[in-house]
Amino acid sequence: MAVLNLWKWSNLLLAFLVELVALGIFAWWGWDTGGTTLARWLLAIGLPAVTAVVWGLFAAPTATRGTPAVRWVVKVLVFGLAGAALWSLGHPLLGVVFVVVVAANLTIIQTQKLQP
C-alpha cells in the first residue's frame, strides 16, 4: 500500500513540477524573444501569468470551468507550446524530452486515475 501511495504522489508531484517548468519556459522564451527591454519584461512576466490564469480556470484539478475535453485541450496546448518554445530557443532535444516526460506522466495519471 505504501508503494502505491508513493507512486501516486510521485506522479502528482511530477505533474506539478512540469507545470512550473512550463511557466519557466514561457518566461525564458518571452525574455529571449522580446526585442526591447520593456518587451522582454512584458513577455517574460505576461506569458507565464496568462498561462497560469488559463491553467487555473480550465486545467487545474480544482478548475471550475470547462469540460474534460477543454481541460485536455488546454494541457496539450500549454505543454506542446512549452516544448515548441524550447525547440525555438535552440534546445530541440530538451523540447522533445519535456513533451515525452509530460505525455508519459499524464498518461499514467489518466490511466491509473490518480487524483489529489
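Trainee: Hi! At 48% relative accessibility, what does tryptophan 41 count as?

Mentor: Tryptophan 41 counts as partly exposed at 48%, because that value falls between the 20% and 50% cut-offs. Keep in mind that this is a predicted model.

Trainee: Okay, and what about the relative accessible area of tryptophan 31?

Mentor: Tryptophan 31 has a relative accessible area of 33%, so that residue is partly exposed too.

Trainee: Switching to rings: how many aromatic pairs does the structure hold?

Mentor: There are three aromatic pairs. In one of them, the ring centres of tryptophan 31 and tryptophan 41 are 5.1 Å apart and the planes meet at 80°, so this pair is edge-to-face.

Trainee: Which helices does that pair link?

Mentor: Tryptophan 31 belongs to helix H1 (residues 2-33) and tryptophan 41 to helix H2 (residues 37-58). The two are ten residues apart, and the pair links distant parts of the chain.

Trainee: Nice. How are the rings of tryptophan 55 and phenylalanine 79 arranged?

Mentor: Their centres lie 5.3 Å apart with the planes at 70°, which is over 60 degrees and therefore edge-to-face. This pair joins tryptophan 55 in H2 to phenylalanine 79 in helix H3 (residues 68-88), 24 residues apart.

Trainee: Buried or exposed, those two?

Mentor: Tryptophan 55 is buried at 9% relative accessibility, and phenylalanine 79 is buried at 5%. Which other residue is in their cluster? Phe98: Trp55, Phe79 and Phe98 form one aromatic cluster.

Trainee: Back to H2, which residues in that helix are buried?

Mentor: Ala44, Pro48, Thr51 and Trp55 are. An α-helix has 3.6 residues a turn, so positions three or four places apart point the same way. The buried residues of H2 pack against H1 and H3.

Trainee: How does the span of H2 fit its 22 residues?

Mentor: At 1.5 Å a residue, H2 should span 32 Å, and its end C-alpha atoms are 32 Å apart, so the two agree.

Trainee: What volume does the largest pocket have, and what lines it?

Mentor: Its volume is about 400 Å³. The lining has 22 residues, and Ala59, Pro61, Lys75, Ile109 and Gln115 are the ones nearest the pocket's centre.

Trainee: Which helices supply at least two residues of that lining?

Mentor: H1, H3 and helix H4 (92-111) each do.

Technical notes. Residues are numbered from 1 along each chain as its sequence is written. This is a predicted model: local features need pLDDT of at least 70, side-chain atom pairs count only at pLDDT 80 or more; totals for chains, interfaces and linings use all residues. Side-chain values use heavy atoms; hydrogens and water are left out. Rings of Phe, Tyr and Trp (its six-membered ring) pair if their centres lie within 6.5 Å; planes under 30 degrees apart count as stacked, over 60 as edge-to-face and the rest as tilted. Helices (H or I, at least four residues) and strands (E, at least two) are DSSP runs, numbered from the N terminus. Buried means under 20% relative accessible area, exposed over 50%, partly exposed in between (1.4 Å probe, protein chains only). The expected span of a helix is 1.5 Å times one less than its number of residues. Contact means heavy atoms within 4.5 Å. On a 1 Å grid over the protein atoms alone, a cavity is a set of points where a 1.4 Å probe fits but cannot get out, and a pocket is an open set with protein on both sides within 12 Å along at least five of seven lines; lining residues have an atom within 4 Å of a point. Grid points are joined across faces, edges and corners, and a volume is the space filled by probe spheres set on the points.
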